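Hi everyone, thanks for making time. I'd like to walk you through one model today, so please have a look at it while I talk.

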Amino acid sequence: MECIVHFDVQHSEGVKPLRGLLFLDEGKTPAEQDLIGMFKDMNFNVRLEDREKLVFKPVAPGEKYSEIRITSFDNGKKNSKQDNELKSIVGNLLPQKPTGL
């Protein structure tokens, strides 16, 4: 399944909206490593800075951009809501809390 990732790259001159493409198994949502790999393929070497807001920062100092923020995901389904997909992805990125305490 194709998943289009919409994101903003923050440059000193302003924000540049871009898109990336991921190929996922049906019903799956992108994991942190999927997103980092997609960015790396686009020559953005990043790490996840803020899991809730899906903000990525450059690994190397001196890059021409200061951060990348994912704004939405599009899996091509007409009835899917991007906010629900974003919530699901954030939930998958966050570490699971122990349940037996």
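Residues are numbered from 1 along each chain as its sequence is written, and side-chain values use heavy atoms, with hydrogens and water left out.

On confidence, pLDDT is the predictor's own score for each residue, from 0 to 100. The mean for the protein is 84, and 75% of its residues reach 70 or more. Where pLDDT is low, the predicted coordinates should not be read in detail. For the names, helices (H or I, at least four residues) and strands (E, at least two) are DSSP runs, numbered from the N terminus.

Now please find helix H1, residues 32-41. Which of its residues are buried? They are Leu35, Ile36, Met38 and Phe39; buried means under 20% relative accessible area, exposed over 50% and partly exposed in between, with a 1.4 Å probe and protein chains only. These four cover an arc of only 160 degrees around the axis, so they sit on the same side of H1; the arc is taken from the directions from the helix axis to the C-beta atoms. The face turned away from that buried side carries exposed Gln33, Lys40 and Asp41.

And what covers the buried residues of H1? The cover includes strands S1 (2-11), S2 (14-23), S3 (46-50), S4 (55-58) and S5 (65-74), with contact meaning heavy atoms within 4.5 Å. Just after the helix, Asn43 takes a positive phi of about 65 degrees.

Next, the core. A nonpolar core here is a set of buried Ala, Val, Leu, Ile, Met, Phe, Trp, Tyr and Cys residues joined through side-chain atoms within 4.5 Å. The largest one has 19 residues, and those with the most contacts inside it are Val5, Phe7, Phe39, Phe44, Phe56, Ile68 and Ile70. S1, H1, S3 and S5 each supply at least two residues of this core. Take Val5: its contacts beyond four places in sequence include Leu35 and Met38, along with Leu22 and Ile70.

Last, the salt bridges: how many are there in the whole structure? The search finds three, each being a side-chain nitrogen of Lys or Arg within 4 Å of a carboxyl oxygen of Asp or Glu.

Glu32 pairs with Arg51, the closest N and O atoms being 2.9 Å apart. Glu32 lies in H1 and Arg51 in the loop between S3 and S4, so this pair ties together parts 19 residues apart in sequence. Another joins Glu67 and Lys57, at 3.3 Å from N to O. Glu67 is in S5 and Lys57 in S4, so here the linked parts are ten residues apart in sequence. Then there is Arg47 with Glu49, at 2.3 Å; Arg47 is partly exposed at 39%, and Glu49 is partly exposed at 43%.

Notes
This is a predicted model: local features need pLDDT of at least 70, side-chain atom pairs count only at pLDDT 80 or more; totals for chains, interfaces and linings use all residues.
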